[in-house]
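Biologist: I would like to learn how to read pockets, cores, helices and backbone angles in a model. Please take the features one at a time.

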Amino acid sequence: MLKNLKLRQKFTILLVLILVFGLSLSGLSLSSLLRQNAKQEIATNALSLIETMSSLREYTVTQVTPELVDKLETKFLPQTVSAYSAREVFEILRRKPEYKDFFYKEAALNPTSLRDKADSFEADIIKRFTDEKDLKELSGFRSLPGGDIFYIARPLKLIQPACLQCHSTPDVAPKTMIERYGAENGFGWQLNSIIATQIISLPATKVIEKAHKSSFLIILIVSAVFISVVLLVNIFLERQVIGPLKRLTRVAEEVSTGHMDVEFKQTTNDEIGNLAKAFKRMKCSLEMAIKRLKRNTGNKET
């Protein structure tokens with residue numbers, strides 16, 4: 001098949017094959033790299049937020065709760081609970097449009113406030129932290145009806161004996177807390193046990209889609225550049241190779257039919273020019289041979 005194709009067509013096919021192979025390979029590599037960078041960006045943001053919430057929890061426990069603990073006998077103040085403070089602060093953050101799809105929760109199997117009740121997915125995470133004592137963090141992607149999210153989860157262990165005052169049994173818990181939340185939930189906790197998971201989730205679909213769009217745009221630009229290169233190569237071949245070869249072929253055909261008045265013009269010093277120069281010498285040799293042949297033929301007739 002290639003034998004029947006012209007030089008320009010062969011070059012074009014070769015360049016198109018290079019384009020398809022190059023774009024396929026680079027496209028897969030670029031898409032994978034951009035997706036990985038997008039995941040890294042999401043993970044970095046999530047890690048920053050969960051560290052901030054952890055700092056807020058520590059601030060509540062060490063500086064807020066000691067100042068308000070005496071007031072619990074007359075009125076229960078949820079602001080003294082680190083989980084409540086962290087959740088409320090994060091809800092304020094979510095009022096901003098750019099954070100409306102972010103979510104923070106301290107999911108527990110038996111929480112005092114039912115808004116902290118763990119769903120089945122969060123319950124499985126708590127179970128893993130309970131079963132695997134050395135596991136300090138879990139992260140990954142979760143598919144929801146609204147799109148994929150990226151989450152980071154950390155175990156929350158009950159290490160402060162003072163917490164048992166509110167979460168051991170209802171009879172020792174502050175009456176004001178019982179009045180607010182009831183005596184059915186948030187009790188029976190044990191010291192040094194995993195009682196919840198601190199989990200933060202960020203929307204991932206938009207970031208991944210943005211990476212895909214960037215990948216597509218880059219491939220589109222590369223394709224446009226390569227197509228331009230193909231066109232320029234074809235123009236170069238036409239002017240510097242194919243065109244001169246056609247002229248040499250046409251002159252050679254004229255010479256082969258006995259029209260010796262045509263000339264092989266050498267316009268360049270490259271291979272095509274050298275070929276024209278060789279044809280020119282061959283024409284001169286042919287003319288000399290014809291003249292010699294005619295002279296010898298004339299001598300024989302006389």
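**Reading the model**

Modeller: Start with burial: Ala-108 is buried, with a relative accessible area of 4%. Buried means under 20% relative accessible area, exposed over 50%, and partly exposed in between, with a 1.4 Å probe and protein chains only. This is a predicted model, in which local features need pLDDT of at least 70, side-chain atom pairs count only at pLDDT 80 or more, and totals for chains, interfaces and linings use all residues. Residues are numbered from 1 along each chain as its sequence is written, and side-chain values use heavy atoms, with hydrogens and water left out.

Biologist: In which element is Ala-108 placed?

Modeller: Ala-108 belongs to strand 1. Helices (H or I, at least four residues) and strands (E, at least two) are DSSP runs, numbered from the N terminus. Ala-108 and Gly-186 are 78 residues apart in sequence and 9.0 Å apart in space, C-alpha to C-alpha.

Biologist: Is Phe-150 buried or exposed?

Modeller: Phe-150 counts as buried, at 6% relative accessibility. Phe-150 is found in strand 3. From Phe-150 to Ser-139 there are eleven residues in sequence and 7.3 Å in space, C-alpha to C-alpha. Gly-140, in strand 2 (residues 138–144), is also counted as buried, at 15% relative accessibility. Gly-140 and Ile-272 are 132 residues apart in sequence and 63 Å apart in space, again C-alpha to C-alpha.

Biologist: How should I read a nonpolar core?

Modeller: In soluble globular proteins, nonpolar side chains tend to be buried together. A nonpolar core here is a set of buried Ala, Val, Leu, Ile, Met, Phe, Trp, Tyr and Cys residues joined through side-chain atoms within 4.5 Å. The largest nonpolar core has 15 residues, of which Phe-90 and Ile-200 touch the most other members. Helix 1, helix 2, strand 3 and strand 4 each supply at least two residues of this core, and the largest share, six residues, comes from helix 1.

Biologist: What span is expected of helix 1, and what does it reach?

Modeller: The expected span of a helix is 1.5 Å times one less than its number of residues. Helix 1 has 62 residues and reaches 88 Å from its first C-alpha to its last, close to the 92 Å expected. Gly-27 lies in helix 1 and counts as buried, at 8% relative accessibility. A kink of about 40° in helix 1 is centred on Thr-60. The bend at a residue is the angle between axes fitted to the seven residues ending there and the seven starting there.

Biologist: Where is the kink in helix 6 centred?

Modeller: The kink in helix 6 is centred on Glu-238 and is about 45°. The 52 residues of helix 6 should span 76 Å, and its end C-alpha atoms are 71 Å apart, which agrees. Just after helix 6, Gly-258 takes a positive phi of about 95°.

Biologist: How are pockets found?

Modeller: Rolling a probe the size of a water molecule over the atoms shows where empty space is left. On a 1 Å grid over the protein atoms alone, a pocket is an open set of points where a 1.4 Å probe fits, with protein on both sides within 12 Å along at least five of seven lines; lining residues have an atom within 4 Å of a point. Grid points are joined across faces, edges and corners, and a volume is the space filled by probe spheres set on the points. The largest pocket has a volume of about 1300 Å³. Of the 45 residues that line the largest pocket, Arg-57, Val-81, Ser-82, Cys-163 and His-167 are the closest to its centre. Helix 1 gives the most to this lining, with five residues.

Biologist: What is the volume of the second largest pocket, and which elements line it?

Modeller: The second largest pocket has a volume of about 350 Å³. Helix 1, strand 4 and helix 6 (205–256) each supply at least two residues of its lining. Among its 18 lining residues, Glu-41, Phe-102, Pro-203, Lys-206 and Val-207 lie nearest the centre.
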